[in-house]
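Morning, everyone. Please look at the structure on the screen while I talk. I'll start with a term we need.

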Amino acid sequence: MGSSGGDSSSYPTESEKLMLASQTRLTKNQVSNWFINARVRLWKPMIEEMYREEFGESSENMDPSLASSSVGREGNSDQADD
């Protein structure tokens, strides 16, 4: 779909969004949001798998966005002890 650069199958043109909106009785905004959400659904598992490969299976439940600040250089937590 589309030729707006990048992965053309996940980035429809404005005219394609309008055509899809008309065919599905959705708004153009709803069609755009569907494509945004679909890209997230596709990318999130790939990113999580890359994270597991990089940091090991033991950190499976850790949020990758928090990993860089959760452990200090010597393995101590950055948070103060209670």
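Contact means heavy atoms within 4.5 Å. Keep that in mind. This is a predicted model, where local features need pLDDT of at least 70, side-chain atom pairs count only at pLDDT 80 or more, and totals for chains, interfaces and linings use all residues. Residues are numbered from 1 along each chain as its sequence is written, and side-chain values use heavy atoms, with hydrogens and water left out.

First, the overview. The protein has three helices and zero strands. Helices (H or I, at least four residues) and strands (E, at least two) are DSSP runs, numbered from the N terminus. Along the sequence, the pattern is α-α-α. Of its 82 residues, 16% count as buried. Buried means under 20% relative accessible area, exposed over 50%, and partly exposed in between, with a 1.4 Å probe and protein chains only.

Now the helix pair. At what angle do H1 and H2 pack? Helix H1, residues 14-24, and helix H2, residues 28-55, pack at about 110°, with axes 8 Å apart. Axes are lines fitted to C-alpha atoms, for helices over the stretch in contact, and angles run from 0 to 180 degrees between N-to-C directions. So H1 is roughly perpendicular to H2; that label covers 65 to 115 degrees, with under 35 roughly parallel, over 145 roughly antiparallel and the rest oblique.

Who makes the contact? H1 brings Glu14, Lys17, Leu18, Leu20, Ala21 and Thr24, and H2 brings Lys28, Val31, Ser32 and Phe35.

Take lysine 17, in helix H1. Is lysine 17 buried or exposed? Lysine 17 is buried, at a relative accessible area of 15%. Leaving out residues up to four places away in sequence, lysine 17 touches Pro12, Lys28, Val31 and Ser32. On the H2 side, Val31 and Ser32 are buried too, as are Phe35, Ala38, Arg39 and Tyr51.

Next, the loop between H1 and H2. Arginine 25 sits there. Arginine 25 is exposed, with a relative accessible area of 79%. Its phi is positive, about 60°, although arginine 25 is not a glycine. Most residues other than glycine have a negative phi.

Last, along H2. There is a kink of about 25° at tryptophan 43, shortly before proline 45. The bend at a residue is the angle between axes fitted to the seven residues ending there and the seven starting there. Just after H2, glycine 56 takes a positive phi of about 90°.
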